[in-house]
Structures are given as structure tokens and as C-alpha cells.
Amino acid sequence: MKRRLFLKTLAGTMMISAAGRVLAAASTDLYISARSGDREQYFLSAFDPAGKLAYDLPLPGRGHGIALHPDAAQAVLVARRPGRFLIVFDAASGEVIHTLNSRPDRHFSGHGLFSSDGRWLYSSEIDYDGKRGVIGVRDVMDGYRQIDEFGSCGVEPHDLQLCRDGHVLVVANGGILTHPDFGRAKLNLDTMTSSLIYLDAGTGRVLSEHRLPAAMHQLSLRHLAVPAPDVVYVAMQYQGSPEDRPPLVAMHRAGEEEIRLLQAPASVLDRMRNYCGSVCADVSGGWVAVSSPQGNLVTFWSMQSGEYAGEARVMDGCGIAAGARAGEFLLSSGRGGLFRYDAALASLTDLGRASLPDAHWDNHMLRDAGPFRG
């Protein structure tokens with residue numbers, strides 16, 4: 001970590017967080033992630049900030065992203081693409097509330113999101129027959145019954161987030177065409193086109209659409225973080241020649257046409273192996289972390305400047321969640337380890353394996369700091 005750059009940014013973010021957000025007590029926080037075992041068994045697990053296991057719930061298949069209701073009482077796990085299940089569960093206890101399936105002609109694409117008032121659940125889905133992406137809309141108050149869907153204006157919507165005070169959905173269309181008949185094979189790499197789409201969260205109306213230059217059409221925009229209402233960070237994966245080294249992190253500001261590509265040092269970019277697995281902002285919104293599990297590192301970026309700010313080495317590290325303090329992140333590894341990274345000190349603390357010797361943590365992790373935990 002570039003210590004001088006971090007301290008400069010930290011001072012600014014602490015002022016932003018004067019209301020106490022970054023000083024909130026961490027003792028009741030839970031961190032939730034999907035994981036697998038050694039024998040293709042799948043689970044949803046939660047642990048406290050010290051790495052102590054809170055619950056461990058068997059799943060019908062491999063999970064991926066997790067969405068937390070605004071009141072933090074319920075959360076939803078979404079099946080990994082091209083899975084067809086959603087698990088609605090009590091975020092504090094892990095008790096299953098609903099197990100739901102996609103429509104027969106749809107498959108989930110790994111991520112979901114609650115509306116800012118908690119009434120609706122949005123999910124990225126794939127209409128394989130139509131070769132298009134859709135955003136499913138479910139009514140939380142009616143047992144998560146699906147009541148609508150929006151077109152995603154692209155192929156393979158993956159991550160989605162709320163921005164601009166919760167009124168706008170931003171969607172990363174990965175651009176990669178697949179079909180369940182061919183497993184996870186990528187069928188259109190020569191012609192793929194990825195995009196960042198802004199939708200009215202109430203109506204699904206397309207507000208704006210943004211793409212990378214044509215020469216970079218094989219960069220797949222996949223995961224999003226929104227550290228400020230009008231700023232979106234994007235983690236990407238490159239599907240072109242393994243010898244190429246395109247930028248893998250991007251930023252977009254509301255009102256701007258172009259997606260801004262952020263530059264990592266050449267030696268770091270080389271180690272990122274053309275693959276980013278997850279992106280997450282810290283609680284202050286001053287820092288963004290991006291994982292590259294194939295390169296065994298997590299990189300850190302200053303939100304204020306968009307500059308590369310350092311890295312932490314974590315073998316097969318992919319899951320990232322914000323810690324309770326500015327510049328603090330929890331990290332998880334596909335090899336089972338859990339870690340806390342303190343960007344102020346550039347220090348990595350090993351939290352162990354949450355008493356799960358066979359754990360292989362999946363790509364994403366969620367922090368739940370809700371008030372309903374018993």
C-alpha cells in the first residue's frame with residue numbers, strides 16, 4: 001500500500017464519515033458467503049469478525065452472490081450461473097424462509113439486489129432462447145412472487161447495484177453467450193460486446209448505455225461497486241489472447257459518456273492474469289478493493305483519485321467485504337482462509353478457517369451489520 005496516499009485519503013474519508021458510520025461497533029457483524037466442501041457439497045456460511053463460525057447451511061447447488069434486505073432481517077443467496085434456485089434466509093440465524101426457482105425459461109446469473117425500500121428483489125437472469133438478459137422483479141411482501149421483468153439491454157447480465165439515491169439500477173452485461181446445453185462454454189468470444197446499463201429502478205426504462213471502445217470488446221464487465229451515489233467501479237475479465245494485458249478495473253461517473261479505464265502498474269497487471277473476481281468499497285467509500293484469485297492478489301484503489309494504491313497477497317483470494325472501519329476489508333480464499341486487511345498499516349491478519357477444515361470460499365462475501373440479530 002502506498003502509505004502516504006492512503007493516509008491522505010483516510011483523512012478525507014474520516015471527515016465524510018463524521019456521522020459515525022465508520023466508527024460503528026463491529027462486535028455484532030456477520031460475514032456471509034457461499035462455499036463448497038471437498039466433495040462437491042455446497043453451503044452458505046457465516047462468521048463473525050474474528051472468524052468464528054455462526055452458521056453453516058447446506059445448499060442444493062453452488063451459490064454465488066448474496067443480497068441483504070435493507071432492514072438486515074432477511075437475505076437472499078442466488079445460484080451460480082446457470083443455476084435456478086434462490087434461497088431466502090434469516091440473515092442472523094441462517095434459517096431458510098423460502099426456496100424459490102426461476103421461471104422454466106429463465107436461469108439465474110448469480111446476483112440479486114433489494115430495492116432501497118426493501119419491497120422488491122431484482123435478479124440478473126438469462127433468457128437463453130431469446131439470447132438476451134433480463135432483470136427479474138419479485139414482490140418481497142408477496143412471498144417473493146415474480147411480478148415483472150426488465151430487459152437488461154444486453155447479453156449475460158451479471159452483477160447489478162443501486163445508485164443515485166436508490167432510484168437507478170446499474171447492470172453489468174458481461175456480453176458472453178452461453179447455453180445450458182453446452183455447460184459454461186463461451187459461444188461468442190469473437191463477437192461479444194459488454195456494456196454498462198442504467199435503468200429506472202421502478203419502470204425498467206433505459207436511462208443510458210455505455211460500452212468500451214470496439215478494440216476492447218473482449219473485456220467482460222462483470223462486477224460492480226458503488227462507493228458514492230454517482231460513481232461505479234467495475235471489475236472485468238478479459239476473454240482475448242492470454243498474452244494481452246488490457247486494464248481490468250474501470251470507473252464510470254454519472255453524466256459521463258466514457259467508461260474510464262484505470263491503470264495498475266505493469267508488473268501488477270501481469271500478475272492479475274486478465275481476471276478479476278470481485279470488487280468492494282470500504283465503509284467510508286474512500287477505498288475500493290478488487291480481487292484477482294488467479295493471480296493470488298487483491299488490489300486497492302483510491303476512490304478519490306482512481307489511482308492504484310497497493311495490494312495484498314492472498315492465495316486464491318476472491319471474496320471481499322468491507323470491515324467496520326475505513327480502509328478495512330475482510331478477504332476470503334478458495335483455499336479456505338479468512339483474512340482481515342488493514343490498509344492504514346498495510347497489514348494482513350490471518351483469521352483462520354472458521355472451524356471449517358474443508359471450506360473453499362466462493363467468489364463473494366457480504367457484511368451484515370444489521371440490528372435484528374439476537
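Student: Is cysteine 318 buried or exposed?
Tutor: This is a predicted model, and the answer is computed from it. Buried means under 20% relative accessible area. Cysteine 318 has a relative accessible area of 5%, so cysteine 318 is buried.

Student: Which cysteine sulfur is nearest to that of cysteine 318, and how many Å away is it?
Tutor: Cysteine 318 is in no disulfide. Its nearest cysteine sulfur belongs to cysteine 276. The sulfur of cysteine 276 is away by 9.3 Å.

Student: How many disulfides does the structure hold?
Tutor: A disulfide is a covalent bond between the sulfur atoms of two cysteines. The search for such pairs uses a cut-off of 2.5 Å. The number of disulfides in the structure is 0.

Student: How many residues of strand S8 are buried?
Tutor: Strand S8 covers residues 107-114. The rest of the structure largely encloses S8, because its buried residues number 8 of the 8.

Student: Which strand is joined to S8 by 5 bridges?
Tutor: The partner covers residues 120-127 and runs antiparallel to S8. The partner is strand S9.

Student: Which glycine in the turn of the S8 and S9 hairpin has a positive phi?
Tutor: The hairpin has 5 residues between S8 and S9.

Student: How many charged residues are in the lining of the largest cavity?
Tutor: The whole structure has 1 cavity of 30 Å³ or more, and the largest cavity holds about 40 Å³ of space. Among the lining residues are Lys131, Arg132 and Glu156. The lining divides into 5 nonpolar, 1 polar and, as charged residues, 3.

Student: Which strand gives the most to the lining of the second largest pocket?
Tutor: This pocket has a volume of about 670 Å³. Of its 33 lining residues, the closest to the centre are Arg80, Gln237, Tyr275, Gln294 and Asn363. Strands S16 (219-228), S17 (231-238) and S28 (360-368) each supply at least two residues. With 4 residues, the strand that gives the most is S28.

Notes. Residues numbered from 1 in each chain as written. Predicted model: local features only at pLDDT ≥ 70, side-chain atom pairs only at ≥ 80, totals over all residues. Heavy atoms only, no water. 1 Å grid on protein atoms, 1.4 Å probe; cavity = no way out; pocket = protein on both sides within 12 Å on 5 of 7 lines; lining within 4 Å. Points joined across faces, edges and corners; volume = space filled by probe spheres on them. Nonpolar A, V, L, I, M, F, W, Y, C, P; charged D, E, K, R; others polar. Buried < 20%, exposed > 50% of the residue type's maximum accessible area, 1.4 Å probe, protein only. Pairing = 2+ DSSP bridges.
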